[in-house]
Amino acid sequence: MIIYLSNGIQIRGDLIKSAVLRSDMSPVPVTLEAEIRTDDDMTRYLSEGQILTIGGESGDALRIIKSNRVINRMVQGEREMSAIQITAILDACHNIVFVRSRAIIKENSALSAIYRAAGANIKAIDADFPVPRFYCPIGDTPSFHITRALQEEGGIVRWKKGAISFIRLHDLFKQKAVMDLPNNASDDVDSGFLERHEIPWFYSLDENGAVVIGNQQKPRSVRFSPFKNVQRLYNMSRCLIQKKVTKINLNARLVAGDLINFIDGVPLSIITAAHVFENDTDGSGSNQYSRLWLGSLED
């Protein structure tokens, strides 16, 4: 894995003890967790607030939001080395994960405008849409409320090739598959019991006080949600259900939202893609792979 410090210097591969670059279907779609061996000269570039750049097609910039020195000092030549564990998130969206000192109140505003109001540095969102009502009170985190807006619209956001885009859940499965995998090369996950408990159907009230009902086709738990029409109530019960977890050779081009075709099976969408680099300090070599969490659409 290629990682550059804010001064433009690449971190040597033998200094990266472990690194997990994760692509996810969340308002902040890219994260990095790493443990890096470092000396005192490099430590300041791995402190909270510093910027790291991931080498690749888009060269994503990530901001460190947590830095923890590991008490395990070593000597390499004449230099005393230690290790630092860091957590970094996509710099363009990092402000939306912090609690607010001022409320955000928007009506009929584009999703991109809501991101910018929360402090994100993005110019546009592909397939942007208007959000009828968006409220983030003082002391709340904007990313939680953005997730709710995405649920009501029946879609997700993802980061690919240096840009953020909105995709409806149905459209995820209309894409061309980026990879074919054998159907037996994964762990299957099935639990109708959990689905019934964790995927509710919703109801609301209209302007006249009449009850508006969402998707009741399956027995599920029930939740009330105000100011919603039938379409949004149906969208809120539509989600991706994890069906498989698979481990493949490292392929950092795979991102959340990509479609994987399983031979003699059904295509599944990547919910989370974790690209892992592990470097053994005992000289036994490195281990690189991608772990994918995949799901199907549940209406």
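Which residues form a nonpolar patch on the surface? Select Leu205, Val211, Ile213 and Phe224. Together they have about 330 Å² of accessible area. Keep in mind that this is a predicted model.

**Stop 1**

Ile213 sits in strand β14, which covers residues 211-213.

**Stop 1: a loop residue**

Now select Leu15. Look for Leu15 in the loop between β1 (3-4) and β2 (16-24). Leu15 has 3% relative accessibility, so it counts as buried. Leu15 and Arg37 are 22 residues apart in sequence. In space, they are 4.9 Å apart, C-alpha to C-alpha.

**Stop 2: the largest nonpolar core**

In soluble globular proteins, nonpolar side chains tend to be buried together. Where can you see such a group here? Select Leu32, Leu46 and Tyr115. These residues have the most contacts inside the largest nonpolar core, which has 47 residues. Next, color strand β6, residues 79-90. Strand β6 gives the most to this core, with five residues.

**Stop 3: around Tyr115**

Center the view on Tyr115. What does Tyr115 touch, not counting residues up to four places away in sequence? Show Pro27, Cys93, Ile96, Ala120, Ile122, Ile125, Ile146, Val157 and Ile164. Tyr115 touches each of these.

**Stop 4: another core**

Methods: Residues are numbered from 1 along each chain as its sequence is written. This is a predicted model: local features need pLDDT of at least 70, side-chain atom pairs count only at pLDDT 80 or more; totals for chains, interfaces and linings use all residues. Side-chain values use heavy atoms; hydrogens and water are left out. Patches are made of residues with over 30% relative accessible area and no salt bridge: like charges are joined within 9 Å, nonpolar side chains (Val, Leu, Ile, Met, Phe, Trp, Tyr) within 5 Å. Accessible areas come from the Shrake-Rupley method with a 1.4 Å probe; for residues, only the protein chains shown count as cover. A salt bridge is a side-chain nitrogen of Lys or Arg within 4 Å of a carboxyl oxygen of Asp or Glu. Helices (H or I, at least four residues) and strands (E, at least two) are DSSP runs, numbered from the N terminus. Buried means under 20% relative accessible area, exposed over 50%, partly exposed in between (1.4 Å probe, protein chains only). A nonpolar core is a set of buried Ala, Val, Leu, Ile, Met, Phe, Trp, Tyr and Cys residues joined through side-chain atoms within 4.5 Å. Contact means heavy atoms within 4.5 Å.
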